[in-house]
Amino acid sequence: MTTQTYHRTATVNGRKIFYREAGDLAAPTILLLHGLPTSSQMFRDLIPALADRFHLIAPDYIGFGHSDAPSRDEFTYTFDNLATHIAGLVDVLGLEDYILYMQDYGGPIGLRLFTQRPEKVKGFIIQNANAYMEGVGDAPKSVLLPLWENRTPETEKPARDFVSIEGTKFHWLVGAKDPEAINPDNWVLDQALLDRPGVQDYQVDLLENYKSNIALYPEWQAAFREHTPKTLIVWGKNDPFFIPPGARAYLNDLPDAKLVWLDAGHFVLDENGPQVATEIKTVFA
């Protein structure tokens, strides 16, 4: 088997979705779902580390990375719609089943796939992706709650700051054990895409729509208890956005899950990629 990563596109509902692929088609598939403010590029080093044992698919959502980025007038930016297009990609690629790797926005997108077609999901790898109120830190609350209560230019400003260069760099560096170990290409490349005309407008739409995820938390938790997927949790314990109680909360509904704490923040793979790969192989290979 080759560990070469290929960079491909597929058409779903008339839109081009970019995805990275590696590994043997006959091996277990991991569907790697990225967070904000990044894209599948966050997995660029993890993919070859897993490709000797797994088939890897890492898509960019519509509006992110190298996928099509229609304006908010041409596309409704909601988590339901992003998930619909990822489910469509699963169908186009003919994936019979897969393990979900979910980080940040990957959580609400992946868990929509899970609740719609639980028989396809053979396990969870959860990396700072939240499904419990106790996991929401003060940092996102201060940005989102005013926006949810009344969207105005004033309440939009913190959300726009969230996806400014200062906000993007903070996402990558916050909680890092050694900031010099974090590749600056992360925030430079992410921000180049975020600064395209109109992109920050629909990113604010998604931040506003995040309240739809919180409304689904009870449904997701019930599905965890009903289907009990094999679960590995790798959590940056210094994350101010999705805080440690959110990681521990999964154990109430998935008591057999393995929880691994990492000395990291919202993103963990730059410093902890080899350990994460080893944990995934231990649990799932």
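**Entry 1**

How many cavities of 30 Å³ or more does the structure hold? I found two. Before going on, I noted that this is a predicted model, where local features need pLDDT of at least 70, side-chain atom pairs count only at pLDDT 80 or more, and totals for chains, interfaces and linings use all residues. Residues are numbered from 1 along each chain as its sequence is written, and side-chain values use heavy atoms, with hydrogens and water left out.

My terms: on a 1 Å grid over the protein atoms alone, a cavity is a set of points where a 1.4 Å probe fits but cannot get out, while a pocket is an open set with protein on both sides within 12 Å along at least five of seven lines. A lining residue has an atom within 4 Å of a point. Grid points are joined across faces, edges and corners, and a volume is the space filled by probe spheres set on the points.

I looked up the largest cavity and got a volume of about 70 Å³. Its lining has 13 residues, and Pro37, Phe64, Gly65, Leu193 and Leu194 lie nearest its centre. Helix 7 (185–194) and helix 8 (199–209) each give at least two residues to this lining. Helices (H or I, at least four residues) and strands (E, at least two) are DSSP runs, numbered from the N terminus. By class, I listed six nonpolar, five polar and two charged residues around the largest cavity. Here Ala, Val, Leu, Ile, Met, Phe, Trp, Tyr, Cys and Pro count as nonpolar, Asp, Glu, Lys and Arg as charged, and the others, Gly among them, as polar.

The second largest cavity has a volume of about 40 Å³. Among the residues lining it are Trp172, Ile182, Phe267 and Asp270. Helix 11 (residues 269–284) gives the largest share of that lining, three residues. I put its classes down as eight nonpolar, one polar and two charged.

**Entry 1: the largest pocket**

Next I turned to the largest pocket, with a volume of about 240 Å³. I noted 18 lining residues, with Val136, Pro140, Leu144, Tyr210 and Phe242 nearest the centre. The lining holds 14 nonpolar, two polar and two charged residues. Which helix gives the largest share of it? That is helix 4 (residues 138–149), with five residues.

**Entry 2: helix 4**

Then I sorted its residues by accessibility: buried means under 20% relative accessible area, exposed over 50%, and partly exposed in between (1.4 Å probe, protein chains only). Pro140, Val143, Leu144, Leu147 and Trp148 are the buried residues of helix 4. They cover an arc of only 115° around the axis (taken from the directions from the helix axis to the C-beta atoms), so they sit on the same side of helix 4. The face turned away from that buried side carries the exposed residues Asp138 and Glu149.

**Entry 3: backbone notes**

Most residues other than glycine have a negative phi, and most peptide bonds are trans. With that in mind, I wrote down a cis peptide bond between leucine 36 and proline 37, with omega about 10°. Proline 37 is in the loop between strand 3 (29–33) and helix 1 (46–50).

Aspartate 104 has a positive phi, near 55°.

Proline 218 lies in helix 9 and is exposed, with a relative accessible area of 52%. Its C-alpha atom is 8.6 Å from that of alanine 131, 87 residues away along the chain.

Alanine 181 lies in the loop between helix 6 (165–173) and helix 7, and is partly exposed at 37% relative accessible area. Alanine 181 and aspartate 270 are 89 residues apart in sequence, yet 6.9 Å apart from C-alpha to C-alpha.
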